Amino acid sequence: MPSITAINVTHLHLLLNHVPTLGSIAALGLLLLALIRRNEAMTHAALEVIFVIAVVTLPVYVSGVAAHRNMRDRPELSETAIRVHQDAALAGFALTEFAGFVAWIALWQSRRRGHAARGLVPAVILLSFAALALMARAATLGGEIRHPEIRADLSASAAAPAPSPVEGPAPSTVEGSRRSGAEADSTEQFVTSAISMYMVNSPWAWPAAETIHFLGLSLSFGVLLAVNLRILGLMKQVAFADVHRLLPWGMLGFGANLITGMLFFVGQPGQYSTSAPFYWKVVFLMIAGANFLYLTVFKKAWAAEGLDSSLTDKAMAVSSLVAWLAVLYAGRMLPFLGNAF
Amino acid sequence: MLAWLESSSLAVWLRESPSLWALPTVLTLHTMGMAVLVGASWLLDLRLLGISRNVPLSAFRWVFPALKVGLIVNVATGFLLFLRTATTWGTSIPFLIKMCLVVASVATLMPIRSYVFHSEPEPEVSSNVRLLAIASILAWTGAVTAGRLLAYLMP
């Protein structure tokens, strides 16, 4: 079973891995065009796309680890090249999430005040450019795993089937690729490996991260309960704008959980990448992310004090709560439903 | 008494059954109950501390039925989790600390509840109530932390 999951997930990685780079280029183009045209609606659309890219980058990253596992018994692929790609991808992932987070703040402020704070949209542009640069680097390094011929530094492909005749101290353009094949066995130089060592060996890192994960979960869930119950008819006398005020607290809890969750994943990737409930959790996170964006920007219920929300909004509220409960269920049941623990 | 609880057939089932409906489901329900209980509590505490102050306090009355549901679920599932290893947990310091923190958290809810139901509309929240809200946030944080760490401190 795990191999079937891994094969499907490898396909998913090869399919989705274009989203962070191509998506960011499109979103940045849209955002710049919107600023030139001074078009508010277009600016918001671009910010929404940047948020969605941040959401989709999560399965891109985690499916990459499954793809890696699936390639272990293929000696023609360089383990070093994969590790270098993984480190680059983690950096790109982190910055993409941060760009998505700042884009979300801009959207939240725009919904409240009609415009984002001065400097926030330029900050999104800078962050997205930086994220794009890191992701493009990760993508290039990822491409080199199967296509060593595109490497700038051929001498680094020592683990490839036919070692290049160009041996020697050729200057490396890619940090970390100077290692020879023998050195690739010691993986301590890689950031992902260092995080993993720390998470596994430190007596308190994992329990502390778990504790923060549970505190963050409670905070997020409390906020989402209030916001969604308001749409479903509780607190009807309250304007939605006033409940909307709470969303950043939900984001705070979610941010803590994304960081600690990634520490678990990078810490013990094998435990998650072969586990079906983990992928269910990611799927429900995608749904929950889409719902969260809707809650942040939707217009209909905004001024509807005392009025009933539309059926669409109610369906969104129900699906939001169900998705978060499913995320929680899959997460808590991971050790029991999966086969990897 | 603890030994009797631990040897009850329910405790044995929870300890030894490979069924997903035994320990896994009880643990998951305990976590969901926690999300409702702690989340809704914190929400109210944040309002008392001035977040979303435009929302009248009376609009938050729905929180208490939600808290009641969360509390009932977690007392029930918590009791089942305790049954499993009653002799070791019942006498362990970390577990007793967690119980004290849970009791303290629930205790802060009582005066907060009467404040929410009986205060005049729209007064500034008094500093006493603010202190209560801070105590509530901290007590729940402690209770969740202690509960989560039990998994690592206790066999």
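The legends below describe close-up views of a predicted model. Residues are numbered from 1 along each chain as its sequence is written, chains are lettered from A and ligands numbered from 1 in the order in which they are written. As the model is predicted, local features need pLDDT of at least 70 and side-chain atom pairs count only at pLDDT 80 or more, while totals for chains, interfaces and linings use all residues.

**View 1. Chain A has 12 helices and zero strands.** Helices (H or I, at least four residues) and strands (E, at least two) are DSSP runs, numbered from the N terminus. The pattern along the sequence is α-α-α-α-α-α-α-α-α-α-α-α. Chain A has 341 residues, 43% of which count as buried; a residue is buried if 20 or more other C-beta atoms lie within 10 Å of its own, exposed if 12 or fewer, and partly exposed in between, with C-beta atoms placed from the backbone. Of the contacts in chain A with a separation of 6 or more, 77% join residues 24 or more positions apart. Two residues are in contact if their C-beta atoms, placed from the backbone, lie within 7 Å.

**View 2. Domain 1 and domain 2 of chain A touch each other.** In domain 1 of chain A, 25 residues are in contact with 25 residues of domain 2 of chain A. On the domain 1 side, helix 1 (2-16), helix 3 and helix 4 (79-113) each supply at least two residues. This side comprises 14 nonpolar, four polar and seven charged residues, where Ala, Val, Leu, Ile, Met, Phe, Trp, Tyr, Cys and Pro count as nonpolar, Asp, Glu, Lys and Arg as charged, and the others, Gly among them, as polar.

**View 3. The largest nonpolar core has 113 residues.** Such a core is a set of buried Ala, Val, Leu, Ile, Met, Phe, Trp, Tyr and Cys residues joined through C-beta atoms within 7 Å. A:Ile50, A:Ala103, A:Val124 and B:Ala40 have the most contacts inside the core. Helix 3 (residues 40-70) of chain A gives the most to this core, with 15 residues. Both domain 1 and domain 2 of chain A give residues to the core, so it lies between them. Not counting residues up to four places away in sequence, A:Ile50 touches A:Ala27, A:Ala99, A:Gly100, A:Ala103, A:Val124 and A:Ser128.

**View 4. Helix 7 of chain A is mostly covered.** This helix (residues 205-231) has 27 residues and reaches 39 Å from its first C-alpha to its last, close to the 39 Å expected at 1.5 Å times one less than its number of residues. Of the 27 residues, 20 are buried. A:Gly233 follows helix 7, with a positive phi near 120°. A:Met235, in the loop between helix 7 and helix 8 (240-244), has a positive phi of about 55° although it is not a glycine. A:Met235 is buried, with 23 other C-beta atoms within 10 Å.

**View 5. B:Leu49 and B:Ser52 lie in the loop between helix 3 and helix 4 of chain B.** Helix 3 spans 23-48 and helix 4 spans 63-84. B:Leu49 is partly exposed, with 14 C-beta neighbours inside 10 Å. Leaving aside its neighbours within four places in sequence, B:Leu49 is in contact with B:Arg130 and B:Ala133. B:Leu49 and B:Val63 are 14 residues apart in sequence and 16 Å apart in space, C-alpha to C-alpha. B:Ser52, a residue other than glycine, has a positive phi near 60°. B:Ser52 is partly exposed, with 19 other C-beta atoms within 10 Å.

How values were computed:
Domains from an automatic or database assignment.
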